[in-house]
Amino acid sequence: MAASCWFFAQSNLCSLCHTNTALHSSFKPGLCKPNQGQRIFISMKKGRPCSSGKKDCLLNETSIASPITRAMAASSEVPLTFSTGIVDSSSKNPDANVKICDYLKSLGIDTEELEELTLPTTVDVMKERVEFLQKLGLSIEDINDYPLMLGCSVKRNMVPILDYLEKLGVRKSVLPDLLRRYPQVLHSSVVIDLQPVVKFLGGLDIKANDIPRVLESYPELLGFKLEGTMSTSVAYLVSIGVDRRSIGAMLTRCPQILAMRVGRVIKPIVDYLISLGLRKEVVARILEKKTYILGFSLEEQMKQNVGSLLSFGVSYEALASIIVQYPEILGLELKPKLILQQDFFKSCMKIGPEDFGKLLEKMPQVAVLSQDPVLKRIELLRAWGFSSEDIAKMVVTCPQLLALNMDVMTLSFNYFRLEMNRSLRDLVDFPAYFTYSLETRIKPRFRKLSRKGIKCSLSWFLSCSDERFAERLDAEYIEIDEMEPSFSFGGPLGSAEKKSFSEDDDEETEYGEEIEKGSFYRRTLSV
């Protein structure tokens with residue numbers, strides 16, 4: 001056997017230079033695991049010397065041979081690309097290798113990483129491999145990205161793997177992209193490597209017909225070690241309160257979770273959200289619905305965006321509510337959007353920086369609202385007779401006006417003027433009127449008020465549940481209007497409890513927590 005520089009996961013000891021080096025310890029075993037004791041090639045870049053500085057260490061070479069066994073710890077973060085093959089200088093045919101390399105070079109394929117690989121005995125065999133990969137849809141550029149795929153036999157490696165994936169349900173049209181993203185799958189064993197991963201995914205409550213889509217979106221899963229990162233990430237999510245029954249749906253939407261290290265990625269994000277005022281149960285509910293926020297960079301996105309919100313007038317106490325309402329705000333390129341929107345609201349509605357901060361607190365989606373639809377709604381309000389000052393006050397009080405359906409708003413306004421015969425001042429004082437259903441809330445309650453001859457504010461008969469409204473109608477006197485509710489687009493922070501509420505209860509929130517007595521919030525709207 002040819003000499004080789006060995007490094008082991010347990011000792012990080014280079015058997016050639018006998019040094020426990022920083023460079024050696026930085027390498028992690030590849031995701032595609034060869035058979036027990038099998039010698040494999042690891043693709044490396046030149047100029048990565050052994051950190052001990054010994055010139056004779058073969059880590060200075062382009063490729064090294066290393067016996068990596070299944071007992072070595074796997075990594076989902078720094079996968080090494082490799083190709084199976086036995087290095088035996090006595091069995092190599094220099095003349096055949098030269099011919100094969102000349103053939104590959106004529107196609108534009110870089111053969112540098114193939115120099116130590118045991119190549120086929122004839123050019124025809126290599127030609128079969130290249131043509132097979134091209135028929136799949138891979139280009140010469142794709143092959144150059146990972147030339148070690150040419151070390152795989154068509155009949156022993158490529159056909160069995162691709163046939164298994166197709167039978168599993170992976171679409172044939174997706175296979176080329178899957179191989180571009182994770183070509184190392186061609187080195188895998190169907191029985192030893194792929195089937196256990198598929199079985200593991202099923203055990204996480206990912207539906208059988210969803211597993212192919214999961215693999216299509218994140219094929220790297222096929223190389224993960226089951227008892228490593230995949231198991232610990234799921235266990236941690238359950239430990240913070242994520243419903244075990246939600247895990248399958250979460251992983252189907254965002255399988256990348258299985259590659260995330262708990263200590264480096266997931267836990268720091270959870271801890272940061274808790275530090276902003278969110279309870280752990282609330283964070284769990286958010287992750288169940290908006291799993292992708294775990295993919296946001298903590299330092300470069302989340303913390304930067306929180307800083308931007310504070311600099312634009314949002315109070316620290318309101319951060320938790322903003323995140324519950326609109327978790328996506330943590331991953332936006334936020335500051336430029338806020339600068340643009342602040343200037344826009346100032347120019348068209350005379351809304352200053354302080355009120356702009358209030359807008360963000362009540363409806364953080366303001367940061368991404370398109371300006372043309374906003375202008376159309378402003379023009380509609382002006383056409384109905386509202387002044388610029390009135391519109392500014394209404395928008396600050398109820399920013400949902402900027403996202404409501406204009407036809408629905410028109411129907412509600414016509415009923416307000418023609419049937420209810422009330423002053424525009426009532427709408428300025430309670431613009432949330434437009435957020436209530438005309439047929440199921442406004443009309444039925446107004447008719448009951450009319451039959452009893454009750455005169456009251458819009459807030460008095462709209463911003464309460466059906467039960468509370470009935471109590472008010474039966475009361476012997478009309479109580480003084482309660483303080484108008486603080487209008488929050490997504491409702492208050494929820495708890496882990498999932499209580500059921502009637503369809504028209506204002507106390508219902510996205511996360512199922514009952515609001516304290518006297519506070520009322522409208523249901524969320526899609527922007």
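Reply: Pro373 is found in helix H17, which covers residues 371-383. The model is a predicted one, and everything below is read from it.

Glu317 is placed in the loop between H13 and H14. With a relative accessible area of 67%, Glu317 is exposed. Between the C-alpha atoms of Glu317 and Glu361 there are 9.7 Å, and the two residues are 44 residues apart along the chain.

Leaving out residues up to four places away in sequence, Ser233 touches Ile257, Leu258, Met260, Val262 and Ile266.

Helix H9, residues 226-239, is also one of the neighbours of H12: the buried residues of H12 pack against H9, H10 (247-253), H11 and H14 (319-325). Those buried residues are Val282, Val283, Ala284, Arg285, Ile286, Leu287 and Glu288. They make up seven of the 10 residues of H12, so this helix is largely enclosed by the rest of the structure.

Now to how the helices meet. Two packed helices are described by the angle between their axes and the distance between those axes. H11 (residues 262-275) and H12 (residues 280-289) have axes that come within 9 Å and cross at roughly 125°. The two helices are therefore oblique to each other, and H11 passes H12 in a right-handed crossing. On the H11 side, the contact is made by Val270, Leu273 and Ile274; on the H12 side, by Lys280, Val283 and Leu287. By class, five of these residues are nonpolar, none is polar and one is charged. An α-helix has 3.6 residues a turn, so residues three or four places apart point the same way.

H13 and H15 form another packed pair. H13 spans residues 298-311 and H15 spans residues 334-349; they pack at an angle of about 20°, with their axes 9 Å apart. That angle makes H13 roughly parallel to H15, since angles under 35 degrees count as such. H13 passes H15 in a right-handed crossing. From H13, the residues in contact are Asn305, Ser308 and Leu309; from H15, they are Leu334, Lys335 and Leu338. This contact of H13 with H15 has three nonpolar, two polar and one charged residues.

The last item is the nonpolar core. The largest one has 147 residues, and those with the most contacts inside it are Leu237, Phe386, Tyr433 and Phe434. Leaving aside neighbours within four places in sequence, Phe434 is in contact with Trp384, Met394, Leu401, Leu404, Met409, Ser412, Phe413 and Leu427.

Conventions: Residues numbered from 1 in each chain as written. Predicted model: local features only at pLDDT ≥ 70, side-chain atom pairs only at ≥ 80, totals over all residues. Heavy atoms only, no water. Axes fitted to C-alpha atoms, helices over the stretch in contact; angles between N-to-C directions. Helix = DSSP H or I, 4+ residues; strand = E, 2+ residues; numbered from the N terminus. Parallel < 35°, antiparallel > 145°, perpendicular 65-115°, else oblique. Left-handed = near helix turned anticlockwise from the far one by under 90°. Contact = heavy atoms within 4.5 Å. Nonpolar A, V, L, I, M, F, W, Y, C, P; charged D, E, K, R; others polar. Core = buried A, V, L, I, M, F, W, Y, C linked by side-chain atoms within 4.5 Å. Buried < 20%, exposed > 50% of the residue type's maximum accessible area, 1.4 Å probe, protein only.
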